[in-house]
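Have the viewer open as you read, and follow the residues as they come up.

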Amino acid sequence: MTLDSGPLVQTAIYIAGGAEWPLASEEWEERARAALEPGAFDYVAGGAGAEATMRANLEAFERMRLRPRMLVGTAERDLSVEVLGLRSPVPFLLAPVGVLSIVHPDAELAVARAAAATGVPLVLSSAASTSLEDVAAVGPPRWYQLYWYSNREIAASLVKRAEQAGYGAIVLTLDTLMLGWRDRDLRRGYLPFLQGEGLAQFFSDPVFLAGLDTPPGEDVATASIQALATFPNLGLTWDDLAWLREQTSLPLVVKGVLRGDDARLALEHGAAGIVVSNHGGRQVDGAVAALDALVEVREEVGDGAVVLMDSGVRRGADVLKALALGADAVLVGRPYAYGLAVGGQAGVEAVIAQLAAELDVTCALAGVRTVADADRSLVSP
Ligand code: FNR
């Protein structure tokens, strides 16, 4: 499927007599709630603690207002971006979202097919339910997200595998060296990894498998616990990044930065790019909204550095606000997971197509022809 222009998508919906899919992100979320088993829905929808940061992410976008520019001549628009060699027809990517087998049986394969069909890149999670090689075989434009487990040999193996499978960058997530305190999941004791879900990178990894007495096929419970035991890695420091840099020639992007000084440290320690993110409010409850952190980070690192952001992007206007505040592109998380829950691959494609179309219409009306036009003057708090 090609991503049609906003006006074309809009006209097609009117002519069809209405939208085939849910339109607003709240509608997608409600449809996903109806489609999913309650534990799975809460795992995706929930955040850390009182979920204050999860709400703050949305409020920060709400607070910021666009200042549309008139009579720029926006009949021709090109909203494509290229970030560290990765091209996207739109200024957003699909964020790493783990354990998608709890959302849909086709899991990451459906997402990869939607990414390949639309050309919108996928950042594949370390906690995916599909091996990175199987996702690569579908052929989406792709980066690999790394959880740096306390076992360095496994981390090195994952990075090598990602490089061999044609992933264009390693996105090291800094904010999840252990799981956040998540009320919804704690209340139920819901942790899909304990049942072997979301461990496909482990179960396909020669280094991990060599350390097991019994293969996961014969004893999934023990293999899962052994995988989970390597997960917390709170001893990690900036100095460790030098070791990771030696493991790969791929650019290293760090995800989960919320402060200007950390952004500077990341660049000083060899990161090629930064994702400003609070993990969708799933890690540190009470943390600053990602959009507010974006402003601080961009001011600190200047125009030249590669800065992406996620956490709270729901609508076309949100994408434009983030671009105007200094993001080179954004990542979309929960919305496509809800699309997957509602309609598998077609649902993910619908979420992508709608977001692209709404963004395109917003840009057409706000005087934005390319992402370069989305400067700071386009927003006011
Ligand atoms: C995530 N996120 C995430 N991030 C990451 O680096 N590795 C991962 O495996 C996961 N897994 C994951 C699972 C689920 C269910 C969610 C909702 C999120 C975080 C993700 O990449 C992104 O930062 C957030 O989703 C952004 O917040 P919103 O916009 O989705 O609310």
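In this predicted model, 23 residues surround the ligand. The closest of them are Pro96, Ser125, Thr173, Arg314 and Arg334. The ligand takes up the space of the largest pocket, and a separate topic below is the one cavity of 30 Å³ or more that the count gives.

**Around the ligand**

- By class, the shell around the ligand holds eight nonpolar, ten polar and five charged residues.
- Ser125, one of the closest residues, places a polar side-chain atom 2.6 Å from an oxygen atom of the ligand.
- Asp310 has a polar side-chain atom 2.8 Å from a ligand oxygen atom.
- How much of the ligand does the protein bury? On its own the ligand exposes 610 Å², and the protein buries 98% of that.

**The largest pocket**

- The largest pocket, whose space the ligand takes, contains about 710 Å³.
- A total of 44 residues line this pocket, and those closest to its centre are Tyr43, Gly98, Tyr147, His279 and Arg282.
- The lining divides into 27 nonpolar, eleven polar and six charged residues.
- Which elements each supply at least two residues of this lining? They are α3 (38-45), α11 (220-229), β11 (329-332) and α16 (334-366).
- Of these, α16 gives the most, with three residues.

**The largest cavity**

- Rolling a probe the size of a water molecule over the atoms shows where empty space is left.
- By this rule there is one cavity of 30 Å³ or more, and the largest cavity holds about 40 Å³ of space.
- Its lining consists of Pro96, Val97, Leu100, Glu108, Val111, Leu122, Val123, Leu124, Ser125 and Tyr336.
- Eight of these residues are nonpolar, one is polar and one is charged.
- Both α5 (107-118) and β5 (122-124) supply at least two residues of the cavity lining, and β5 gives the most, with three.
- Pro96 and Ser125 line the cavity and are also among the residues closest to the ligand.

Terms used:
Residues numbered from 1 in each chain as written. Predicted model: local features only at pLDDT ≥ 70, side-chain atom pairs only at ≥ 80, totals over all residues. Heavy atoms only, no water. Near = heavy atom within 4 Å. Polar contact = N/O pair within 3.5 Å; in protein donor to acceptor, adjacent residues only side chain to side chain. Areas by Shrake-Rupley, 256 points an atom, 1.4 Å probe, with all protein chains shown as cover. 1 Å grid on protein atoms, 1.4 Å probe; cavity = no way out; pocket = protein on both sides within 12 Å on 5 of 7 lines; lining within 4 Å. Sits in = over half its atoms within 2 Å of the grid points. Nonpolar A, V, L, I, M, F, W, Y, C, P; charged D, E, K, R; others polar. Points joined across faces, edges and corners; volume = space filled by probe spheres on them. Helix = DSSP H or I, 4+ residues; strand = E, 2+ residues; numbered from the N terminus.
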